[in-house]
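Try each task before you read its solution.

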Amino acid sequence: MADAAKVLEPVAFAPHGDGYAALARSLREAALAGDAAAFVKRLEEGPPKEVEETAEAK
């Protein structure tokens, strides 16, 4: 889980990341807490809906 937190850090704190940065922060927090169940749940939920809609519009 520590490796996951380390990998997610650049995305989590990217100034232009929008909803994907929020998802990365959420995943990173779960990884730092060692909560694998929360990590998987957040990963399965994916990015916030508004991010998906914006991506589809492009």
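**Exercise 1.** Is Leu27 buried or exposed, and what is its relative accessible area?

*Solution.* First, a note on the model: it is predicted, so local features are used at pLDDT of at least 70 and side-chain atom pairs at pLDDT 80 or more, while totals for chains, interfaces and linings use all residues. Residues are numbered from 1 along each chain as its sequence is written, and side-chain values use heavy atoms, with hydrogens and water left out.

Step 1: Leu27 has a relative accessible area of 5%, so Leu27 is buried (buried is under 20%, exposed over 50%, partly exposed in between, with a 1.4 Å probe and protein chains only).
Step 2: Leu27 sits in helix α2 (helices are DSSP runs of H or I with at least four residues, strands are runs of E with at least two, and both are numbered from the N terminus).
Step 3: Beyond neighbours within four places in sequence, the contacts of Leu27 are Leu8, Phe39, Arg42 and Leu43 (contact means heavy atoms within 4.5 Å).
Step 4: For one of these, Phe39, the C-alpha atom is 5.5 Å from that of Leu27, although 12 residues separate the two along the chain.

**Exercise 2.** Which residues make up the largest nonpolar core?

*Solution.* 
Step 1: Apply the rule: a nonpolar core is a set of buried Ala, Val, Leu, Ile, Met, Phe, Trp, Tyr and Cys residues joined through side-chain atoms within 4.5 Å.
Step 2: The largest such core has 10 residues, namely Ala5, Leu8, Ala12, Leu23, Ala24, Leu27, Ala30, Ala31, Ala38 and Phe39.
Step 3: Helices α1, α2 and α3 each give two or more residues to this core, and α2 provides the largest share with five.

**Exercise 3.** How many salt bridges are there, and which residue pairs with Glu9?

*Solution.* 
Step 1: The count is two (a salt bridge is a side-chain nitrogen of Lys or Arg within 4 Å of a carboxyl oxygen of Asp or Glu).
Step 2: Glu9 pairs with Arg28, with 3.8 Å between the closest N and O atoms. Because Glu9 lies in α1 and Arg28 in α2, this pair ties together parts 19 residues apart in sequence.
Step 3: Glu9 is partly exposed at 36% relative accessible area, whereas Arg28 is buried at 17%.
Step 4: Glu45 and Lys41 also form a salt bridge, at 4.0 Å from N to O. Both lie in helix α3, four residues apart, about one turn of the helix.
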